[in-house]
Amino acid sequence: MDIKVSHCFIIVDDHDKAIGFYRDVLGFQVRTDVSYEGMRWVTVVPPSQPDLEITIETPESHPDASAEDKQKEYDLLAKGLLRGLIFTTDDVDAAFEHIRASGAEVLQEPADQAYGVRDCAFRDPAGNMIRLNQPTRR
């Protein structure tokens, strides 16, 4: 049996700002951008992982969630308390400089970690933490 991740999800407050970051800054491709019954389904794909779609959705994307639950999700997002994404790169320092130049909020400059990576961290436009790491040992 072969089981692989095909989609992961990240919550944002604005699809268009998120697309601008993931497409224009990180270099991902927009695979899907479809509106349906007041909702919008957007996925982006890292070029080196075409089978992995990152679904970008707002709290409004949950049709069965109450207005109160949607507001709680927006509140957690605004506080930066929702889980983010971790990406691997072959040159974390160059990636850091590129992303910092875009104006993204820097959370951590590149640093060598005891667990075998050199990494850095940013926030996407919605406040999600995005980490980039480069393995330093194999």
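Author: Two strands count as paired if DSSP finds at least two bridges between them. The model is a predicted one, and by that criterion strand β3 (residues 39–45) and strand β4 (residues 53–57) are paired, with three bridges in the antiparallel sense. One place to look along this pair is Val-42, which stands opposite Ile-56 in β4.

Both strands belong to an open sheet of four strands, and the order across that sheet is β1-β4-β3-β2. Its pairing is mixed. In general, strands of a sheet pair through backbone hydrogen bonds, either parallel or antiparallel. At the edges of the sheet are β1 (7–11) and β2 (29–36), each of which pairs on one side only. Neighbouring strands of the sheet are turned against each other by 25° on average, direction ignored.

Helix α1 (residues 15–25) packs on this sheet and touches β1, β2, β3 and β4. The direction of α1 makes about 5° with that of β3. Within the helix, the buried residues include His-15, Ala-18, Ile-19 and Gly-20. Phe-21, Tyr-22 and Val-25 are buried as well. After the helix comes Gly-27, with a positive phi near 85°.

Strand β8 (residues 129–135) runs parallel to strand β5 (residues 85–88), and four bridges join the two. In this pair, Thr-88 stands opposite Asn-133 of β8. Strand β7 (residues 117–123) also pairs with β8, but runs antiparallel to it, with seven bridges. Here Cys-120 has Leu-132 in β8 as its bridge partner. β7 and β8 form a hairpin, with five residues between the two strands. Gly-127 sits in the turn of that hairpin and has a positive phi of about 105°.

As for the annotated span, an unreviewed UniProt entry places the feature "domain: VOC" at residues 4–135. That span is 25% helix and 39% strand.

Definitions and conventions. Residues are numbered from 1 along each chain as its sequence is written. This is a predicted model: local features need pLDDT of at least 70, side-chain atom pairs count only at pLDDT 80 or more; totals for chains, interfaces and linings use all residues. Side-chain values use heavy atoms; hydrogens and water are left out. UniProt positions are given in the numbering used here, feature names are shortened, and annotations may be inferred rather than shown by experiment. Axes are lines fitted to C-alpha atoms, for helices over the stretch in contact, and angles run from 0 to 180 degrees between N-to-C directions. Contact means heavy atoms within 4.5 Å. Buried means under 20% relative accessible area, exposed over 50%, partly exposed in between (1.4 Å probe, protein chains only).
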